[in-house]
Amino acid sequence: MSQDDDGFTTIESKFKYMSLSGNKNKRKKKRGHVFQDPDHYTLADLKSVLSKRRETLTESRFYKELLDTFHASLIPTRPHDMVCYGIGSIQHSKNAQFQFVLALLIRDLLKIPGQVSIFDPVMTDLDKELCKEHDIYVIDTNEDGKRGVQKPTLFYMPHCGRGLYSNTLSANWNKDKLGNVIIIGNRFDMYVGSQLERDLKRECPFLIPAVDIVDCVTFPKEFDDNKVFNDLSIQTFPRQKLDETTRKFWDDVSIESVPQDKDVL
């Protein structure tokens, strides 16, 4: 006679096999939920994680509603290039994984004919290897968001700092360039009107006038724990609004007033 795992006395010849079988099943179950440290990911591991994230996203009600929004408000902008700022480390962040997957879906949906670029200072070597696998150019220096564009360009900037949005606007702050800027990011009016004007002028001066000439189409409300795509929108600068501006509108904001903040990304 012996004691099984639960401490009960059993007849060994009758129950010993059943007890071992039960333990084996428990071991199998545990193996199915083993946590893998992202620090030890290979490229294949990360691709597998992204495949699951993609399935979760594309099968969600949120994504089906988002596609309707894209067809109505994003596809007509016909961007030539796409720049991704501030996604974070795809290797280490669940939110970054979902945001990167959406960037890939957007690229395919829009059939971007030009270059897709990406930068975040926390990106790992594995993140960069993954991007190259997807034919995404990894920007090698921190631009602080100050990329001027000559062709319609989608800036994909989910949950970036307000200073970074302002920097992107500053690099394109004239009637001709700004019409080529499309931003997927947090709504500018979330900052303007809800925070002290002196802080806005110091940290993100270009957001203040931008709210008067931007069109904003918000994302659907809910996805996952609602921290991945919450408060995001498609923001464009319609030609009619740009044409109605005066020279004073553009000159009132000094580009030199933009803070040189190395932590904006």
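Start on the outside of a helix. Select Ala-44 and Lys-52: both are exposed, and they sit on the face of α2 turned away from its buried side. Keep in mind as you click around that this is a predicted model.

**Stop 1: helix α2**

Now select the whole of α2, residues 43-58. Its 16 residues reach 22 Å from the first C-alpha to the last, close to the 22 Å expected at 1.5 Å a residue.

Next, colour Leu-43, Leu-46, Val-49, Leu-50 and Leu-57, which are the buried residues here. Turn the view until you look down the axis of α2: the buried residues fall within an arc of 125°, so they line one face of the helix. Why does a pattern like that work in a helix? An α-helix has 3.6 residues a turn, so residues three or four places apart point the same way.

What do the buried residues of α2 pack against? Show α3 (61-73), α4 (94-110) and α5 (125-133), and you have the partners.

**Stop 2**

A search of the whole structure finds 12 aromatic pairs, and Phe-62 makes one of them with Phe-219. This pair is tilted, with 6.4 Å centre to centre and 55° between the planes.

Then select Phe-223 and Phe-229. Their ring centres are 5.6 Å apart and their planes are at 45°, so this pair is tilted. Phe-223 is buried at 6% relative accessibility, and Phe-229 is buried at 2%.

**Stop 3**

Switch to cartoon view and follow the strands across. Seven of them form an open sheet, in the order β5-β4-β3-β6-β7-β9-β8, and the pairing is mixed. Which strands stand at the edges? Those are β5 (137-138) and β8 (215-218); each has a single partner strand, so one side of each is left without a neighbour in the sheet.

Click Cys-84, and look for Ile-118, its bridge partner in β4.

How values were computed
Residues numbered from 1 in each chain as written. Predicted model: local features only at pLDDT ≥ 70, side-chain atom pairs only at ≥ 80, totals over all residues. Heavy atoms only, no water. Pairing = 2+ DSSP bridges. Helix = DSSP H or I, 4+ residues; strand = E, 2+ residues; numbered from the N terminus. Expected span 1.5 Å × (residues − 1). Buried < 20%, exposed > 50% of the residue type's maximum accessible area, 1.4 Å probe, protein only. Arc of directions from axis to C-beta. Contact = heavy atoms within 4.5 Å. Phe/Tyr/Trp six-rings, centres within 6.5 Å; stacked < 30°, edge-to-face > 60°.
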